[in-house]
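Here is a short note on the helices of this model. Please read it with the structure open.

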Amino acid sequence: MAKLYFKYGSMGSSKTAQALITKYNYEENGMRVWLIKPASDSRDGEVLIKSRVGLEATAEVVAQDCDIRESFAQQKNVDVIIVDECQFLSVEQIDQLREIVDWKNVPVLCFGLRTDFLSTLFPGSRRLFEVADTITEIKAICDCGAKATVNARLDADGRVVTQGAQLLLGGNDRYLAMCHKCWIRSIREGRKVK
Ligand SMILES: [Zn+2]
């Protein structure tokens with residue numbers, strides 16, 4: 001029986017690298033992988049996914065209003081679906097993936113963030129916690145040595161910000177994974193962390 005997997009971690013926990021390594025391992029065993037990534041808007045197409053350790057692969061972009069069941073039906077002989085940045089999928093799209101797992105018997109592996117820069121669950125991640133069969137944490141370490149659980153967003157000066165939209169486009173270098181205690185301390189002291 002196929003399963004729905006949620007593999008979550010903070011920024012810098014090598015989620016994308018692990019997604020691409022997983023893809024490689026499946027393909028090495030002769031299986032066909034459908035690699036997808038949510039769009040930040042209504043556009044679809046293809047995008048090159050790069051991990052910081054140098055791995056890369058082309059993914060199909062899933063638009064915000066896309067029914068993943070319909071896109072999946074147009075694919076041929078898919079053995080497994082891998083999702084990068086799954087936190088940006090909608091609740092409906094997670095449910096569509098759940099249907100594919102149940103009724104098409106295709107495993108779906110979702111890699112993404114648990115929470116946003118205010119330590120609040122993304123809607124897609126919340127839905128995955130509710131309906132995934134297997135949930136795994138990919139760990140990252142805070143500068144202090146504790147496990148990093150918060151994706152702190154930084155301003156241009158390197159100070160932690162606590163206001164703004166959940167999605168900051170093109171701002172991947174504006175984040176730093178921290179433990180909760182260091183995050184709160186950085187906010188209170190208003191000091192530069194990067
Ligand atoms: Zn810390």
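1. Helices (H or I, at least four residues) and strands (E, at least two) are DSSP runs, numbered from the N terminus. The expected span of a helix is 1.5 Å times one less than its number of residues. Helix α1 (residues 15-28) has 14 residues and reaches 20 Å from first C-alpha to last, close to the expected 20 Å. After α1 comes G30, with a positive phi near 75°.

2. Two cautions on reading. This is a predicted model: local features need pLDDT of at least 70, side-chain atom pairs count only at pLDDT 80 or more, and totals for chains, interfaces and linings use all residues. Residues are numbered from 1 along each chain as its sequence is written.

3. Which residues of α4 (residues 123-131) are buried? A residue is buried if 20 or more other C-beta atoms lie within 10 Å of its own, and exposed if 12 or fewer do; C-beta atoms are placed from the backbone. In α4, G124, S125, R127 and L128 are buried. They cover an arc of only 160° around the axis (taken from the directions from the axis to the C-beta atoms), which puts them on the same side of α4. The face turned away from that side carries the exposed F129 and E130.

4. Now the neighbours. The cover over the buried residues of α4 includes β1 (4-9), α3 (91-104) and β6 (108-112). Contact means C-beta atoms, placed from the backbone, within 7 Å. V91, I94 and R98 of α3 meet P123, G124, R127, L128 and V131 of α4.

Terms used
Contact = placed C-beta atoms within 7 Å.
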